[in-house]
Amino acid sequence: MTRTPSGEDSLIARYFKPLATDPGAFGLVDDAAIIPASGDDLVVNTDAIVEGVHYLPDDPPGTIARKALRVNLSDLAAKGAVPAGFLLTLALRQKDEAWLAAFAAGLGEDAAAFGCPLLGGDTVSTPGPVMVSVTAWGRVPRGRMVHRFGAHPGDRVMVTGTIGDAALGLRILTGKAETAALDADPAARDMLIGRYRVPQPRCGLAAAVRDYATAAMDVSDGLAGDLTKLCAASSVSADIALSRVPTSSAAARLLAAGSVELETLISGGDDYEILCTVPAAQCEAFRAAAETARVALTDLGTIVEGAHPPRFLDGQGRPAALTRLSYSHF
């Protein structure tokens, strides 16, 4: 008897089997995959993105796929890990061929570019919003993963890239009035929207994070809130100069015009930059490694003793009263 493929089997075979080029994926015909052991530790993380929460319903499918993978790659980079592969779970309301083709194309391009092959996963139907969940694996030399805890008083607090662009990109897409100052600058608007839709995981800095950082995590929910989490995990505090928070030229223009507050940028989330602590004696070597990796790096302040939350200091060195630290789902 000839077996007729189910709708799910056909969807997988058409759109995702071509992406599963790693031998350990077995062409997606088995119920599990193999990641060969090599003496390294395997670092595992998972993140889901949900329509209407992490991306907008009319976002291009290719950017949705890239974001789903890249937010996981950002976590791996902050742990000092090199990507090894990922699983994909896709919950769809309907089988939209054009959407799936564009989604698979974006996913495949990123999987190849970052050396992170698709190893398997699941597809299901849902009456609710579309959900894309990725579980990613990375490799680090045994015992070398960088934890969220481990920061010590005297360490410098460092962050990559710029902060707040993605939050502003979302405000542009949702028509918030405070971004109107950029209406005449389509390039700036497109850059901010791009930072929201397609994060830039700092995979090229993973080895340097592993070599120099005492603690690290990626900035997903907001710089202020994520630093608070890192400090709590390390049983320390921090003094941070708000004037040092790195911003893009577009964000700086909105700040200068009084259109947005700095608090919006450091609490908005979706930055997917690396936040880490580095011993003062190692900072120059870490900076040199970041320069080689072509990743911008900013020193924000110092880890200090104490059980209190980090202090964000204004231009006069006074603690700023922040009403919000980060994005929260609940």
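Two strands pair if DSSP finds at least two bridges between them, and strands (E, at least two residues) and helices (H or I, at least four) are DSSP runs numbered from the N terminus. Before you click around: this is a predicted model, where local features need pLDDT of at least 70 and side-chain atom pairs count only at pLDDT 80 or more, while totals for chains, interfaces and linings use all residues. Residues are numbered from 1 along each chain as its sequence is written, and side-chain values use heavy atoms, leaving out hydrogens and water.

Stop 1: Colour the strands and look for an open sheet of six, in the order 6-8-5-9-7-10, with mixed pairing. Its edges are strand 6 (215–219) and strand 10 (311–313), each pairing on one side only. On average, neighbouring strands here are turned by 25 degrees against each other, direction ignored.

Now select 156–160 (strand 5) and 273–278 (strand 8): these run antiparallel, joined by four bridges. Which residue of strand 8 stands opposite Val 157? That's Thr 277.

Next, show helix 7 (residues 223–234), which packs on the sheet and touches strands 5, 6, 7 (237–241), 8, 9 (297–304) and 10. Contact means heavy atoms within 4.5 Å. The direction of helix 7 makes about 155 degrees with that of strand 6; axes are lines fitted to C-alpha atoms (for helices, over the stretch in contact), and angles run from 0 to 180 degrees between N-to-C directions.

**Stop 2: two crossing helices.** Select helix 4 (residues 165–173) and helix 5 (residues 186–197), which pack at about 110 degrees with their axes 7 Å apart. Helix 4 and helix 5 are therefore roughly perpendicular (that label covers 65 to 115 degrees). Show side chains at the contact, including Leu 168 and Ile 172 of helix 4 and Leu 192 and Tyr 196 of helix 5.

Stay on Tyr 196: Lys 67 lies over its face, 4.0 Å from the ring centre. A charge sits over a ring if NZ of Lys or CZ of Arg is within 6 Å of the ring centre and within 35 degrees of the ring normal.

**Stop 3: the aromatic cluster.** Pick Phe 16, Trp 99 and Phe 103, which form one aromatic cluster. Rings of Phe, Tyr and Trp (its six-membered ring) pair if their centres lie within 6.5 Å; planes under 30 degrees apart are stacked, over 60 edge-to-face, the rest tilted. The count comes to three aromatic pairs. Why is the pair of Phe 16 and Phe 103 edge-to-face? Because their planes are at 85 degrees, with ring centres 6.2 Å apart. Phe 16 lies in helix 1 (residues 7–16) and Phe 103 in helix 3 (residues 97–113), so the pair ties together parts 87 residues apart in sequence.

Key. Angles under 35 degrees count as roughly parallel, over 145 as roughly antiparallel, 65 to 115 as roughly perpendicular and the rest as oblique.
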